[in-house]
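Here is a brief report on one protein chain. Please look at the model first, then read on.

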Amino acid sequence: MGIFGRKDDETATATTTAVNPDLAALTGEYTIDPAHSTLGFVARHAMVTNVKGSFQDFTGTLHLDGADPAKSTATLDVVMDSIETGNADRDGHLKSADFFKTDEFPTMTFRTTGAEALGGDDYRITGDLTILGTTRPLTIDLEFNGAAKDPFGNERVGFEGKAEILRSEWGLTWNAALETGGVLVSDKIKLNFDISAIRNA
């Protein structure tokens with residue numbers, strides 16, 4: 001999740017103090033820190049390799065209930081124009097009417113509908129993912145990475161998550177056939193999340 005950054009342009013000299021708190025003490029409201037979080041995805045290209053990408057502009061909130069994780073909730077809003085795959089032409093194609101139609105559908109959203117503890121540091125959340133105006137359920141497996149107070153007094157929590165979707169279920173059906181068989185872009189997309197969230201004052 002990267003090195004904790006300052007709220008201003010000054011160079012930080014303090015070190016991060018890691019803590020191992022009672023989970024109940026983490027109960028509260030948090031805001032996702034996009035500067036130290038990643039929303040990524042992986043798609044199979046031409047049946048032989050993976051293309052990785054991420055979204056650079058997003059906001060989100062967490063309500064954590066350490067005593068009763070089932071009461072925890074999360075929201076996420078992603079600006080679709082912020083998609084990056086390391087290739088400007090490919091990014092432009094993904095923003096076009098063939099894929100995300102970002103002019104018509106500028107935002108992708110996720111809202112939790114349930115959460116459960118699986119044991120240890122493992123959790124599972126379910127929710128509604130909306131893309132292209134279509135809302136379908138999504139399940140995300142999460143690992144709690146711990147809590148820390150950064151050099152500037154921010155109380156942080158971290159999670160890593162993963163999920164898989166079939167993009168066609170959200171109307172993302174564009175493809176091209178290959179001469180050797182198969183298609184250019186896989187239907188299955190792997191999602192990965194690396195989240196750092198700051199507790200609200």
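Is G181 buried, exposed or partly exposed? G181 is partly exposed, because its relative accessible area is 37%. Here buried means under 20% relative accessible area, exposed over 50%, and partly exposed in between (1.4 Å probe, protein chains only).

## Basis of the model

This is a predicted model: local features need pLDDT of at least 70, side-chain atom pairs count only at pLDDT 80 or more, and totals for chains, interfaces and linings use all residues. Residues are numbered from 1 along each chain as its sequence is written, and side-chain values use heavy atoms, with hydrogens and water left out.

## Overall build

The protein chain has 1 helix and 12 strands. Helices (H or I, at least four residues) and strands (E, at least two) are DSSP runs, numbered from the N terminus. From the N terminus, the order is β-β-β-β-β-β-β-α-β-β-β-β-β.

Of the 201 residues, 37% count as buried. The accessible surface comes to about 11100 Å², and 50% of it belongs to carbon and sulfur atoms. Such areas come from the Shrake-Rupley method with a 1.4 Å probe; for residues, only the protein chains shown count as cover. Among contacts (heavy atoms within 4.5 Å) between residues at least 6 apart in sequence, 59% join residues at least 24 apart.

## Loops and a nonpolar patch

G181 sits in the loop between β11 (155-166) and β12 (185-199). G181 and A46 are 135 residues apart in sequence, yet their C-alpha atoms are 9.5 Å apart in space.

M47, V48 and V183 make a nonpolar surface patch of about 270 Å². Patches are made of residues with over 30% relative accessible area and no salt bridge; like charges are joined within 9 Å, nonpolar side chains (Val, Leu, Ile, Met, Phe, Trp, Tyr) within 5 Å. V48 belongs to the loop between β3 (38-45) and β4 (49-55). V48 counts as exposed because its relative accessible area is 65%.

## Buried polar residues

H36 lies in the loop between β2 (28-32) and β3. H36 is buried, at 13% relative accessible area. Its side chain makes a polar contact with the side chain of D33 (2.7 Å). A polar contact is a pair of N or O atoms within 3.5 Å; within protein, one must be able to donate a hydrogen and the other to accept it, and residues adjacent in sequence count only if both atoms are side-chain atoms.

S54 is in strand β4. S54 is also buried, at 15%. Leaving out residues up to four places away in sequence, S54 touches L39, G40, F41, S82, I83 and E84.

## Salt bridges

Side chains of opposite charge can pair when their charged atoms come close. The structure holds 7 salt bridges. Each is a side-chain nitrogen of Lys or Arg within 4 Å of a carboxyl oxygen of Asp or Glu. D33, D150 and R156 are linked in a network of salt bridges.

D77 pairs with R111, with the closest N and O atoms 3.1 Å apart. This pair links distant parts of the chain: D77 is in strand β6 (residues 73-79) and R111 in strand β8 (residues 107-119), 34 residues apart. R124 and D141 meet at 2.6 Å, N to O. R124 is in strand β9 (residues 122-131) and D141 in strand β10 (residues 134-149), 17 residues apart. E155 forms a salt bridge with R199 at 3.6 Å between the closest N and O atoms. E155 lies in β11 and R199 in β12, so the pair ties together parts 44 residues apart in sequence.
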